[in-house]
Amino acid sequence: MNPEKDFAPLTPNIVRALNDKLYEKRKVAALEIEKLVREFVAQNNTVQIKHVIQTLSQEFALSQHPHSRKGGLIGLAACSIALGKDSGLYLKELIEPVLTCFNDADSRLRYYACEALYNIVKVARGAVLPHFNVLFDGLSKLAADPDPNVKSGSELLDRLLKDIVTESNKFDLVGFIPLLRERIYSNNQYARQFIISWILVLESVPDINLLDYLPEILDGLFQILGDNGKEIRKMCEVVLGEFLKEIKKNPSSVKFAEMANILVIHCQTTDDLIQLTAMCWMREFIQLAGRVMLPYSSGILTAVLPCLAYDDRKKSIKEVANVCNQSLMKLVTPEDDEPDEPKPVLQRQAEPNPDDSLAKQEGTPSGGPDGSCDSSFSGGGGSVFTPASTERAPVTLHLDGIVQVLNCHLSDMAIGMMTRIAVLKWLYHLYIKTPRKMFRHTDSLFPILLQTLSDESDEVILKDLEVLAEIASSPAGQTDDPGPLDGPDLRVSHSELQVPTPGRANLLNTPGTKGLECSPSTPTMNSYFYKFMINLLKRFSSERKLLEARGAFIIRQLCLLLNAENIFHSMADILLREEDLKFASTMVHTLNTILLTSTELFQLRNQLKDLKTLNYRHAYDLIQKFGDLEVTVDFLTEVDKLVQLIECPIFTYLRLQLLDVKSHPHLIKALYGLLMLLPQSSAFQLLSRRLQCVPNPELLQTEDSSQAAPKAQKADSPSIDYAELLQHFEKVQKKHLEVRHQRSGRGDHLDRRVVL
């Protein structure tokens, strides 16, 4: 500093003391300056006051010499004290040089800058609020200062400023939000702690409604929630908890739509605390905002569905995610199946396209806790949100994104079982509530639904069959052309749904063009029913393991969900045209076994029994034809299985019909025919013993059928002589036991079981 330079009205002694390295001498100079400025205030000499402040600022506080800068800082503080209430007139000139010193490399000088600014703010009080942003900006930097003394000084200044803001009703929140939005993304833990403390203060001030601007800072809060420091995480939890309480109290003023995608992003993070907190917020948003959240369903499902497969280590997240999923599903109603209508101009709140907002996040890992926030979340460009309007806009459900998400999750074999079940429940729900819209997407969903039949879980297959059954039976599927899809991304090949014309020999394996929609001889349910049957058999044909392991299970469940007669009728019609005779034979055997043994087909079996046709005569005629065929091991195995079936409880009625020899002669002939076809195996012995129990027709003569009956017999006497019949059974049993005894060579053991 040039000693000959004129610093008037500062005296040479003041100038010399301000440049001294000793603090005490600089303090003496500050007292002189304070005295001098007081005189100028008394004289109302604003020119000299400005000159003193400018000299202290330019020649001292911003000097290259460190001691001069220290002297300038204490001098500016002295000016502020001297000015008192009038300091508000000169705050810009007083504050700016001090804030510049916040960036000084010398930690002692940064501390003196804190001290000087503390004195300036303490005197000015509420008058500093117009300069709050620059003060906040400077303090946010000092909060992360490595020097403990500087940090301690900044904390004192910070508390003072918070007291001033709390006391005042003139705080410019609109002007402060852009700065807060910028600073909230700091990665320094001390800066984060500083930011959180200020949000807590602002939230506690009754006259400041920070909830209106929550969309600006919510993403940053979730970023801070992932901090490594426990104390900071706890503070952030408290802040988010306070905001959520306020949201529950005042849901009508909350901008749910503007925060939906922020929650979607953080619901997918790998940090458990962030994910659980975001999921809890999502649950409240869905329950409070209702249908306002429907446009964001695809994003919500992307975040929620994977959580449903979590194990007990993340049980809390899984439970909340399940509530979110159920609550969102309830928002879809039959009214959503109505034609889309344009929204009115007035809206309750802005509803940006959720897909557009998510697309902006492509540069950021969707689940990353420390990804940068897009302007769609932070209100980039300095824009500020205004309080929500009171008008509510009708919400239109667009299924394109939802179906894409569900299709994607169902196609991913790595997805957990519970997630796949939830996806299928969603599809079923949408087909029930919005069938007309959903059938536009059926061609894209049908292949993956068929593929899901190979899933390892029975529960998944059951849900999958429910969806397929609904597709096959819904009245909305009656039309041959379900209409164009909503989006180009959902257009897929119709190869899985093509039905070859009747002229093609191999109905299952020939990829023809769209032709036969349904069998002319099959009572169809809708245009997709016959397609489903064709593709199901096609899948059984290409995946024999599926047929062996799950074929019977799948068909039995379908018989519960759909009309069993329709299923058997259509499959029989399809198999008539099948070239692969081995597969056709296997399939016929499977269907026969199901028809004859499963409880699900009880009603259909009764229908078949009631048919007035010569079934047993037909069976006998077929057995006679077997004599012209080559008897193979496979053939004998099938006959063996048939004998075993006859002994099942399902055929109790048939075994009882053996008692009525005259009414069912062809039944007995057919069974004897089977006996003659069999070698003397265990099946032969089993059927032979059964036929030995068939009574002599003469024992069953009634008055109506035998003229030789005694005339004295009463009209209401029993038509069967049960005593003679019982004697006949006993003779057969005794003979059977003797034969067993002779073969076993054991005189002390008799098989006392009666085979009936």
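Begin by selecting Lys141, which is partly exposed, with a relative accessible area of 45%. The model on display is a predicted one.

Asp336 is found in the loop between helix H16 (315–330) and helix H17 (354–359), while Arg291 is in the loop between helix H14 (272–289) and helix H15 (297–304), so the pair ties together parts that are 45 residues apart in sequence. Asp336 counts as buried, at 4% relative accessibility, whereas Arg291 is partly exposed, with a relative accessible area of 27%.

A further stop is Glu543 with Arg539, whose side chains meet in a salt bridge at 3.0 Å, N to O. Here Glu543 counts as partly exposed at 27% relative accessibility, and Arg539 counts as buried at 18%. In the whole structure, a search finds 29 salt bridges.

The tour continues with the aromatic rings. A search of the whole structure finds 20 aromatic pairs. Select Phe7 and Phe60: their ring centres are 5.8 Å apart and their planes stand at 55 degrees, so this pair is tilted. Phe7 lies in the segment before helix H1 (12–18) and Phe60 in helix H3 (residues 46–61); the pair therefore ties together parts that are 53 residues apart in sequence. Both Phe7 and Phe60 are buried.

Then select Phe171 and Phe176. With ring centres 5.6 Å apart and planes at 65 degrees, the pair is edge-to-face, as planes over 60 degrees apart count as such. Phe171 counts as buried at 12% relative accessibility, and Phe176 counts as buried at 0%.

Finish with two lysines placed over rings. Lys531 lies over the face of Tyr528, at 4.5 Å from the ring centre. Lys669 lies over the face of Tyr620, at 5.8 Å from the ring centre.

Terms used:
Residues are numbered from 1 along each chain as its sequence is written. This is a predicted model: local features need pLDDT of at least 70, side-chain atom pairs count only at pLDDT 80 or more; totals for chains, interfaces and linings use all residues. Side-chain values use heavy atoms; hydrogens and water are left out. Rings of Phe, Tyr and Trp (its six-membered ring) pair if their centres lie within 6.5 Å; planes under 30 degrees apart count as stacked, over 60 as edge-to-face and the rest as tilted. Helices (H or I, at least four residues) and strands (E, at least two) are DSSP runs, numbered from the N terminus. Buried means under 20% relative accessible area, exposed over 50%, partly exposed in between (1.4 Å probe, protein chains only). A charge sits over a ring if NZ of Lys or CZ of Arg is within 6 Å of the ring centre and within 35 degrees of the ring normal. A salt bridge is a side-chain nitrogen of Lys or Arg within 4 Å of a carboxyl oxygen of Asp or Glu.
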